[in-house]
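Dear colleague,

Please find below the sequence and structure that I am handing over to you. My notes on what was found follow directly after.

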Amino acid sequence: MAKGKRYWLLKTEPGEWSWEDQEANEGLTKWDGVKNKQAQKHLKSMKLGDLCFFYHSGATARRVVGVVSVVKEWYSESEAEKSDKNSEVVVDVKAVGEMRRQVDLKDMKQDEELKGFVLFKQPRLSVMPVPQEVWNRICELGNGYEGDGNAIGKDADDDEDSGTEQ
């Protein structure tokens, strides 16, 4: 995978940890409880500054609701655990902003530009990479997110005229 900012999707049941919980906790949380080995591998691949969609899963809400950034790369609760292959993998994330319009799973599935997205192929996977073109399209569908610097969700540093005010 190329160096630079990468994109991810983190799933959570709103009854366990919601966007409102994230914001109420000064925007910070330890993303833990991930048991699936493939999802743990993705957590270990995250780097400082990577952006993640905050995705509500479950029966009542399947949608992208916000964006968080990685503020502490993977670790285990103790150094002794880090050497244990079965130890829990944890990253710390901080809220960047709420989606201007939440993006429902059904809307994503109907979008031709999102065909083949891993979310549709592996719906039970709780942590997954998001290709930049998919990230950009979901941001478009959601009219971006608070703190993105513009209305379509493109990163300000990716925008050629990022020096202009919106």
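**The start of helix H2**

At the start of H2, a side-chain oxygen of Asn-36 comes to within 2.8 Å of the backbone nitrogen of Gln-38. This is a polar contact, meaning a pair of N or O atoms within 3.5 Å, where within protein one must be able to donate a hydrogen and the other to accept it, and residues adjacent in sequence count only if both atoms are side-chain atoms. Helices (H or I, at least four residues) and strands (E, at least two) are DSSP runs, numbered from the N terminus.

The model is predicted: local features need pLDDT of at least 70 and side-chain atom pairs count only at pLDDT 80 or more, while totals for chains, interfaces and linings use all residues. Residues are numbered from 1 along each chain as its sequence is written, and side-chain values use heavy atoms, with hydrogens and water left out.

**The chain as a whole**

Six helices and six strands make up the elements of the chain, and from the N terminus on they run β-α-β-α-β-β-α-β-α-α-β-α. Of the 166 residues, 44% are buried (buried means under 20% relative accessible area, exposed over 50%, partly exposed in between, with a 1.4 Å probe and protein chains only). The chain exposes about 9200 Å², of which carbon and sulfur atoms supply 45%; accessible areas come from the Shrake-Rupley method with a 1.4 Å probe. Among contacts (heavy atoms within 4.5 Å) with a separation of 6 or more, 67% are between residues 24 or more positions apart.

The six strands of an open sheet are ordered E2-E5-E4-E3-E1-E6, with mixed pairing; two strands pair if DSSP finds at least two bridges between them. Strand E2 (28–31) and strand E6 (127–129) are the edge strands, each pairing on one side only. On average, neighbouring strands are turned by 35 degrees against each other, direction ignored.

Strands E4 (residues 63–75) and E5 (residues 90–104) are antiparallel and share nine bridges. Within this pair, Val-70 has Val-93 of E5 as its bridge partner, and Gly-66 has Glu-98. E2 and E5 also run antiparallel, joined by four bridges; here Thr-29 is partnered by Val-93 in E5.

Helix H2 (residues 37–45) packs on the sheet, where it touches strand E1 (7–12), E2, E4, E5 and E6, and its direction makes about 60 degrees with that of E6. Axes are lines fitted to C-alpha atoms, for helices over the stretch in contact, and angles run from 0 to 180 degrees between N-to-C directions.

Which residues of H2 are buried? They are Ala-39, Gln-40, His-42 and Leu-43. Seen down the axis of H2, these buried residues fall within an arc of 155 degrees, so they line one face of the helix; the arc is that of the directions from the helix axis to the C-beta atoms. The buried residues of H2 pack against E1, E2, E4, E5 and E6.

**Individual residues**

Most residues other than glycine have a negative phi. Glu-26, in the loop between helix H1 (19–24) and E2, has a positive phi near 60 degrees; this residue counts as exposed because its relative accessibility is 67%. Asn-143, in the segment after H6, has a positive phi of about 55 degrees and is partly exposed at 40%.

Glu-140 belongs to helix H6 (residues 132–141).

With kind regards
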